[in-house]
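Please examine the sequence and the three-dimensional structure shown below. The paragraphs that follow lead through selected parts of it, one after another.

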Amino acid sequence: MNHNAKSIRPFIGAKDFEVSRMFYRDLGFEETVLSPDLSVFKTDNGIAFYLQKAYVKDWVDNTMLFMEVENVDVFWKSLNELNLTAKYEGVRLVPVRTMEWGKECFVHDPSGILWHFGEFFS
């Protein structure tokens, strides 16, 4: 089967929708408001996800996203410069670790969603 897919856009929830909107804008995503309860956040190259004003603790606590970046060490440096842990309650950053497949660092957003930012070894 050939999917001919152009993108995949997960939906994620937010404990506090307005705080999460600010967090993702600070993280460098461009927001497009689709309705009072839904926004799409995109990168410059079109990678995107939907943020919705919906919070189901079990769902949000078990949500993880992996975003591949070109250079995780450079990303980590830029991430630290944003001072997100001081600006947003509950945000946690976990430094870069090297695995057999590549490198990754972690960001827990204000709702507790776990983001993996990584790069694969060729």
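Asn 71 caps the N-terminal end of helix H3, with a side-chain oxygen lying 3.0 Å from the backbone nitrogen of Asp 73. The model discussed here is a predicted one.

Helix H3 itself spans residues 72-81. Which residues of H3 are buried? They are Val 72, Trp 76 and Leu 79. Viewed down the axis of H3, these buried residues fall within an arc of 65°, so they line one face of the helix.

After H3 comes Asn 83, which is found in the loop between H3 and H4. Asn 83 counts as partly exposed because its relative accessibility is 45%. Asn 4 also has a positive phi, of about 55°, although it is not a glycine. Asn 4 belongs to the segment before strand S1 (11-13), and it counts as exposed because its relative accessibility is 60%. The C-alpha atoms of Asn 4 and Arg 92 are separated by 37 Å, the two residues being 88 apart along the chain.

The largest nonpolar core has 25 residues, of which Tyr 24 and Trp 115 touch the most other members. At least two residues of this core come from each of helix H1 (17-26), strand S4 (48-52), strand S5 (64-68), helix H3, strand S7 (102-108) and strand S8 (114-120). When neighbours within four places in sequence are left aside, the contacts of Trp 115 include Tyr 24, Phe 49, Leu 65 and Phe 106.

Glu 119 is buried yet has no salt bridge, and the nearest side chain of opposite charge, that of Lys 103, is 5.2 Å away. Which backbone nitrogen does the side chain of Glu 119 reach? That nitrogen belongs to Val 72, at 2.8 Å. Beyond its neighbours within four places in sequence, Glu 119 is in contact with several residues, among them Asn 71, Val 72 and Asp 73.

The last topic is the pairing of charges. In general, side chains of opposite charge can pair when their charged atoms come close. How many salt bridges does a search of the whole structure find? The search finds eight. One of them joins Asp 61 and Lys 57 at 2.6 Å, N to O. Both of these residues lie in helix H2 (residues 57-61), four residues apart, about one turn of the helix. Asp 61 counts as partly exposed because its relative accessibility is 38%.

In another salt bridge, Glu 31 meets Arg 25 at 2.6 Å, N to O. Glu 31 is buried, with a relative accessible area of 16%, whereas Arg 25 is partly exposed at 37%. A further salt bridge brings together Arg 97 and Glu 104 at 2.9 Å, N to O. Arg 97 counts as partly exposed at 37% relative accessibility, while Glu 104 is buried, with a relative accessible area of 4%. Finally, salt bridges that share partners join Glu 18, Arg 21, Arg 25 and Glu 31 into one network.

Note on methods. Residues numbered from 1 in each chain as written. Predicted model: local features only at pLDDT ≥ 70, side-chain atom pairs only at ≥ 80, totals over all residues. Heavy atoms only, no water. Core = buried A, V, L, I, M, F, W, Y, C linked by side-chain atoms within 4.5 Å. Buried < 20%, exposed > 50% of the residue type's maximum accessible area, 1.4 Å probe, protein only. Contact = heavy atoms within 4.5 Å. Lys, Arg positive; Asp, Glu negative; His and termini not counted. Salt bridge = Lys/Arg side-chain N within 4 Å of Asp/Glu carboxyl O. Polar contact = N/O pair within 3.5 Å; in protein donor to acceptor, adjacent residues only side chain to side chain. Arc of directions from axis to C-beta.
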